[in-house]
Amino acid sequence: MGNMIIAIQTLTGIAIAVESPHLAQPEETPNIIPVNPLTVLAYHETLPLGEQMVETVLRPQVDLDSDIISIATQADHAFRKFVAQEEVQSPIGFLFFGYTPKGEGTMLGWFYADDQTRTTRFFPYCTSRPNPVVGYLVKKVYTPDISLTKALELAAYAMTQSKIVLAQRPTIEYEGFNLVAIHPERGFFWLDKEAIESIVKHNEERDRALCIKCADLFLNER
Amino acid sequence: MTLAMALRAYDGLVLATDSRATGGAHQSEDTSEKFLQVNRDTGVMTYGLAVPGYAGISRLVETVKSKREELTYFRPIAEAAGSVFRAEYKEWLTSQKQQGHEIPEELKVGFILGGYDSATNQFSISHWESPEFQERQYDGDLLAAQWHTARFLLNKLFYPEISVAQLRELAVFLLVETAITEPTVGGPLQLATITLGQGFQRLHEKDINEILQRSQKRFCQFRKILLEVFAL
């Protein structure tokens, strides 16, 4: 089923949680790569195929210094050609996150499965595969003025809760996840291990508070 | 799809589902009948493909009625149910093929049987799904089809001491909250309870509407709690 990716767009940046084999060790984390300061690429499903497509298609054939729309358009063309030539059977997906030169936050997904490709634009959130828990939490908690920090916390919470919900299904590939963000001016940055652990701990307290506050929700009022 | 659930309280079971139909001519209709009473202590529910689903639960009820002496208790009914559901599904699949309709593999039909098992003195939940129709028994609760959001909520809101009276309100809450983000879940809600004293009791539309009315405050309260904890 591939790794889970959750991205939430805010007025001050894009928050991204990426399910990964390692926690906050960018050089060892194969499924999200900075393309240029304002654009990142995350890939899911078949990871070796994703790496191959990045190295043999994206890097040599796409002008990675251009803006996200141009990169995604060029990548779409190159990826389509690659899957047709190589007769790719495995599902594969790429998610581009970044800012246009006009400062518009953009999240574009490119997916290939069952001999079909599609490119989709998302707002205000996207996931690498359908994930109702994320959709539900964003619907309930997201407000247009949510801060980038809160969006990172929400993405991390949604990741953890989704993993708990899916724990009995054989769809989880990795134990950990990384958090990254793209600021419209400062660009892409990783949260280090300590920062992620702090958010995870904060979310545990948040979850406990949620359970306590909900404890009497179903007591009948007489 | 839909959301179908069998939840376990300390004093009985709650069976609940929405009424949105899936597949063929029934797509996007909200009138699908997904529940039937099998006998005093047992109810059956279906989800997914509406036509073979209803055919399966109707045939099970007919079978149990025609073999009252053999099929009195939960376990013999559950043992008969698997082959009834499989036969109805195969018959429907054959008729679809004859009409030139290909049914994609991801379109499934599922069945949930819930009841009081006098042999073990316990409330029992069993589940079957196409294409295998292997019976799975559940000691806890069962959420089927569009289950993810409901599982997240159940993880936060369920407690083992909950009564059937409270649990049916929780079931309504789960269905309504799931329908917010799942377009395949919706329409009038269908609920039944199974208790030792009263057996299978289908809730009338009026009773469900009263629960929905009572729940309005709860929906707001829950949203408020979520916003509060995310403000921390």
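Helices (H or I, at least four residues) and strands (E, at least two) are DSSP runs, numbered from the N terminus. This is a predicted model, in which local features need pLDDT of at least 70 and side-chain atom pairs count only at pLDDT 80 or more, while totals for chains, interfaces and linings use all residues. Residues are numbered from 1 along each chain as its sequence is written, and chains are lettered from A and ligands numbered from 1 in the order in which they are written.

**View 1. A145(B) has a positive phi in a strand.**
A145(B) belongs to strand β8 of chain B, which covers residues 142–145. Its phi is positive, about 65°, although A145(B) is not a glycine. A residue is buried if 20 or more other C-beta atoms lie within 10 Å of its own, exposed if 12 or fewer, and partly exposed in between, with C-beta atoms placed from the backbone. A145(B) counts as buried because it has 22 C-beta neighbours inside 10 Å.

**View 2. The open sheet of chain B.**
Five strands of chain B form an open sheet in the order β8-β1-β2-β9-β10, with antiparallel pairing. Its edge strands are β8 and β10 (199–202), each of which pairs on one side only. From one strand to the next, the twist averages 10°. Two strands pair if DSSP finds at least two bridges between them. Strand β2 (residues 12–17) and strand β9 (residues 190–195) of chain B are an antiparallel pair with six bridges. In this pair, A16(B) is opposite L191(B) of β9(B).

**View 3. Helix α4(B) on strands of chain B.**
α4(B) lies across β1 (3–9), β2 and β9 of chain B, and runs at about 155° to β1(B). Axes are lines fitted to C-alpha atoms, for helices over the stretch in contact, and angles run from 0 to 180 degrees between N-to-C directions.

**View 4. The side of chain B that touches chain A.**
Two residues are in contact if their C-beta atoms, placed from the backbone, lie within 7 Å. Between the chains, 26 residues of chain B are in contact with 21 residues of chain A. On the side of chain B, the elements giving two or more residues are α3 (148–157), α4 (164–181) and α5 (205–231). The most come from α5(B), with nine residues. By class, this side of chain B has 13 nonpolar, seven polar and six charged residues; Ala, Val, Leu, Ile, Met, Phe, Trp, Tyr, Cys and Pro count as nonpolar, Asp, Glu, Lys and Arg as charged, and the others, Gly among them, as polar.

**View 5. The cis peptide bond at P131(B).**
S130(B) and P131(B) are joined by a cis peptide bond, with omega about 0°. P131(B) sits in the loop between β6 (122–129) and β7 (136–138) of chain B.

**View 6. E87(A) in a loop of chain A.**
E87(A) is in the loop between α2 (68–85) and β5 (92–99) of chain A. Although E87(A) is not a glycine, its phi is positive, about 50°. E87(A) is exposed because 7 other C-beta atoms lie within 10 Å.

Chain A has five helices and 10 strands, and buried residues make up 42% of its 222 residues. Y43(A) is in strand β4 (residues 39–45) of chain A, and is buried, with 26 other C-beta atoms within 10 Å. Leaving out residues up to four places away in sequence, Y43(A) touches N31(A), G50(A), G93(A) and F94(A).
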